[in-house]
Amino acid sequence: MHEMSLALAVVDQIDGAARFERATSVRSVRLQVGELAGVVPDALAFSFELACTGTVLEGAELITEQVAGRARCRPCTRTWATGMPPQLTCPGCGGADTELLSGRELQIVSVSWHDAPQHRPTHQER
Ligand SMILES: [Zn+2]
């Protein structure tokens, strides 16, 4: 399952960083998910919960930010929302020489955690 391996990778990455920072627990994780990334949000939320079990992320809230798919036509520079399934031919000139500007994102934007008491509380929030 795509979402499970993604959730495990995310949890693994944050668990490592949290241990390094001596965080005692992770409160929330903000993830950017592109519309075209092929991730089912519900499946991801479920997988994330499972993947967090037994780590410092246990009980952490997963916040997903949807990123709309956008494409641009090289010849006429028009940009448009691709939708899903994505429309990748230019709605202006019908050309197929197009590039995807966004929509494939799958990245951790920020993590909010509780530090060990001897540390000054800092939050990795943007
Ligand atoms: Zn065009």
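Asp12, Gln13, Arg19 and Phe20 are exposed residues on the face of helix α1 turned away from its buried side. Exposed means over 50% relative accessible area, buried under 20% and partly exposed in between, with a 1.4 Å probe and protein chains only. Helices (H or I, at least four residues) and strands (E, at least two) are DSSP runs, numbered from the N terminus. This is a predicted model, in which local features need pLDDT of at least 70 and side-chain atom pairs count only at pLDDT 80 or more, while totals for chains, interfaces and linings use all residues. Residues are numbered from 1 along each chain as its sequence is written, and side-chain values use heavy atoms, with hydrogens and water left out.

**Helix α1**

- The buried residues of α1 are Glu3, Leu6, Ala7, Val10, Val11, Ile14, Asp15 and Ala18. They lie on the same side of α1, because they cover an arc of only 160° around the axis. The arc is that of the directions from the helix axis to the C-beta atoms.
- These buried residues pack against β1, α2 (41-52) and β6 (106-115). Contact means heavy atoms within 4.5 Å.
- The 19 residues of α1 should span 27 Å at 1.5 Å a residue, and the end C-alpha atoms are 28 Å apart, which agrees. The expected span is 1.5 Å times one less than the number of residues.

**Salt bridges**

- The whole structure holds five salt bridges. Each is a side-chain nitrogen of Lys or Arg within 4 Å of a carboxyl oxygen of Asp or Glu.
- Arginine 19 pairs with aspartate 15, with the closest N and O atoms 3.1 Å apart. The two are separated by about one helical turn, because they are four residues apart in helix α1 (residues 2-20). Aspartate 15 is buried, at 12% relative accessible area.
- Glutamate 65 pairs with arginine 30, with the closest N and O atoms 3.3 Å apart. This pair links distant parts of the chain: glutamate 65 is in strand β2 (residues 61-67) and arginine 30 in strand β1 (residues 23-34), 35 residues apart. Glutamate 65 is partly exposed at 26%, and arginine 30 is partly exposed at 27%.
- Arginine 74 pairs with glutamate 99, with the closest N and O atoms 3.8 Å apart. This pair also links distant parts of the chain: arginine 74 is in the loop between β3 (70-73) and β4 (79-81), glutamate 99 in strand β5 (residues 98-102), 25 residues apart. Arginine 74 is partly exposed at 42%, as is glutamate 99 at 24%. Salt bridges with shared partners join Arg72, Arg74, Asp97 and Glu99 into one network.

**Zinc site**

- Cys73 (SG), Cys76 (SG), Cys90 (SG) and Cys93 (SG) coordinate the zinc ion at 2.3 Å. Donors are N, O and S atoms within 2.8 Å of the metal (3.2 Å for Na, K and Ca); water is not among the atoms, so sites may look incomplete.
- The site is tetrahedral, with angles of 102 to 126° among its four donor atoms. Four donors count as tetrahedral if all angles lie between 85 and 135 degrees.
- Along the chain, the donors follow the spacing C-x2-C-x13-C-x2-C. Cysteine 73 in strand β3 and cysteine 90 in the loop between β4 and β5 link distant parts of the chain, 17 residues apart.
- Cysteine 73 is buried at 0% relative accessible area, and cysteine 90 is buried at 4%.

Methods. Four donors count as tetrahedral if all angles lie between 85 and 135 degrees; four count as square planar and six as octahedral if opposite donors are over 155 degrees apart and all others between 65 and 115; anything else is irregular.
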